[in-house]
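Please look through this structure with the report below.

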Amino acid sequence: MVSTSENRILRAATYVPKGGVGKTTTTAHVGVAAADEHGLDVVLLDLAGTQNDLSTHFGITNEIADIDAPISAVFGENWDVIVNGIDDILDRMLFETDEGVDIIPADSGLGGADNNLASVPVEERFQKLDAFITDQLAPRYDLVLLDLPGAENNITLNGLFAASNVIAPLKPGAFESEQLDNLHADLGRIREEHPDVNPQLVMVVPTMFDQRTNLGREFVEELEAEYPDQAAPERVAKSQAVSNWQESGRTLFAVPDDERSGTGERVAAAYRENTTELLTTLSNT
Amino acid sequence: MSDEDPENLLTEAKEQDRLNSDPVAPADDVEDDPKDLRGAIQDAYEAIDEGEKNENITVRDTNLAALFAGLEEAGRLSDLAADAEEALGRGDSPVSQSQTLGLLARVGIQELDRELMEEASNAYTDHLVSSKDDF
């Protein structure tokens, strides 16, 4: 079991400039595993567009239908006025789930916020979210996981600056053998172009893994050989159970044991194992 | 900064939209040394020679399209072209509709800013000289 010191908040962001690889699923399951298995106070921050997939994953779509305290406000020039003028601003941004984690959902203002960040001097542009996490979230939570957009925009760069630690779910596929090298190159380029932003790849999680295929096995073998320090200890198997339960607003951890399929149980176990490894890594950085 | 009421500012944050937000580029994003016009025109000539820029300019204007089609049909295009050449101090030579439009644009620029035409001419000379050096 991993614990954290008072007022220190562990941070990580799921980021891959590609869709459909399991970023939101990873964020949700790692977050719940951290809360369940390690007793951490966990908040998930959804910055990945306005579809609100993370909230859907936990079945709180109705609750977030009309957000009155949007996360997009953090990135604006008026944030200081807002946070100093509204005592319960954080409480209004947070939504509880039935699985022991809280969520700050995405909102429709993120696109405009991304645009407006272009007006901010570059030395301040990517630090908005970091300040929010340090000032508002750290006193209350042990772990924050950021679900970032697949596009490299000002919101994403804020997330990478704030979290620094990057979790990359990657799905084995026909063109995916180069994707890890591309991701490394992308993160390197971000560090070069934006010296304040220092994303470090801490874990690569093979998702939707099918051990029956050569593609899957070869991808994982290549990953474990070339990136031994980042390869997740467990591969996450391809399982229809994940999306089935996602549609009903639950992670696999919320499913009763006798209702969870064989592959579903393997997926849950993989996330538990990977979360323990991740938290150990984050605690040591 | 807009309305100071924190609640109103919170509402505004959610309503901001990529389509209606218009950021101003901060000073540190502006180029320190904007290129001078003569150099920019010379670069454009090179780009056109390399096929990287189009040598045509396009004007979408229904009224002008109708006017020039009518002039050509009525046999009066050449008169207009001759007037334009005289204004530019050029010799009389047969011109097409496209060439006439080019002459008229030059007349217009010359009327508005004669120094600009001279700058363009200098840039053209620079381009010819630099091309000659590429042996």
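## Cores of chain A

A:L137 is in contact with A:I9, A:V43, A:L90, A:I104, A:F132 and A:V144, its neighbours within four places in sequence left aside. Contact here means heavy atoms within 4.5 Å. This is a predicted model, in which local features need pLDDT of at least 70, side-chain atom pairs count only at pLDDT 80 or more, and totals for chains, interfaces and linings use all residues. Residues are numbered from 1 along each chain as its sequence is written, chains are lettered from A in the order in which they are written, and side-chain values use heavy atoms, with hydrogens and water left out.

A:L137 and A:F132 have the most contacts inside the largest nonpolar core, which has 62 residues. Helix α8 (residues 154–163) of chain A gives the most to this core, with 6 residues. A second, separate core has 41 residues, including A:L143, A:W245, A:L252 and A:L282. A nonpolar core is a set of buried Ala, Val, Leu, Ile, Met, Phe, Trp, Tyr and Cys residues joined through side-chain atoms within 4.5 Å. Buried means under 20% relative accessible area, exposed over 50%, and partly exposed in between (1.4 Å probe, protein chains only). In soluble globular proteins, nonpolar side chains tend to be buried together.

A:T97 lies in the loop between β3 (95–96) and β4 (101–104) of chain A. Helices (H or I, at least four residues) and strands (E, at least two) are DSSP runs, numbered from the N terminus. A:T97 counts as buried because its relative accessibility is 11%. Beyond four places in sequence, A:T97 is in contact with A:F58, A:I60, A:D102 and A:I103.

A:N274 sits in helix α12 (residues 262–284) of chain A. With 2% relative accessibility, A:N274 counts as buried too. Not counting residues up to four places away in sequence, A:N274 touches A:M203, A:V205, A:A232, A:P233, A:E234 and A:V236.

Both side chains make polar contacts with backbone atoms. A polar contact is a pair of N or O atoms within 3.5 Å; within protein, one must be able to donate a hydrogen and the other to accept it, and residues adjacent in sequence count only if both atoms are side-chain atoms.

| Side chain | Backbone atom | Distance |
|---|---|---|
| A:T97 | nitrogen of A:E99 | 3.2 Å |
| A:T97 | oxygen of A:V101 | 2.6 Å |
| A:N274 | nitrogen of A:E234 | 2.9 Å |

## Chain B and the interface

Chain B has 6 helices and 0 strands. Buried residues make up 17% of its 135 residues. Among contacts in chain B between residues at least 6 apart in sequence, 37% join residues at least 24 apart.

The contact takes 31 residues from chain A and 19 residues from chain B. Together the chains bury about 1,900 Å², 50% of it on carbon and sulfur atoms. Buried area is the accessible area (1.4 Å probe) that two parts lose on being put together, summed over both. A:N78, A:V81 and A:N115 supply 24% of the area that chain A buries against chain B, more than any other three residues.

Across the interface there are 2 salt bridges. A salt bridge is a side-chain nitrogen of Lys or Arg within 4 Å of a carboxyl oxygen of Asp or Glu. One joins A:R92 and B:E7 (2.7 Å, N to O). On the side of chain A that touches chain B, α3 (79–85), α4 (89–93), α5 (110–116) and α6 (122–125) each supply at least two residues. Helix α5(A) gives the most, with 6 residues.
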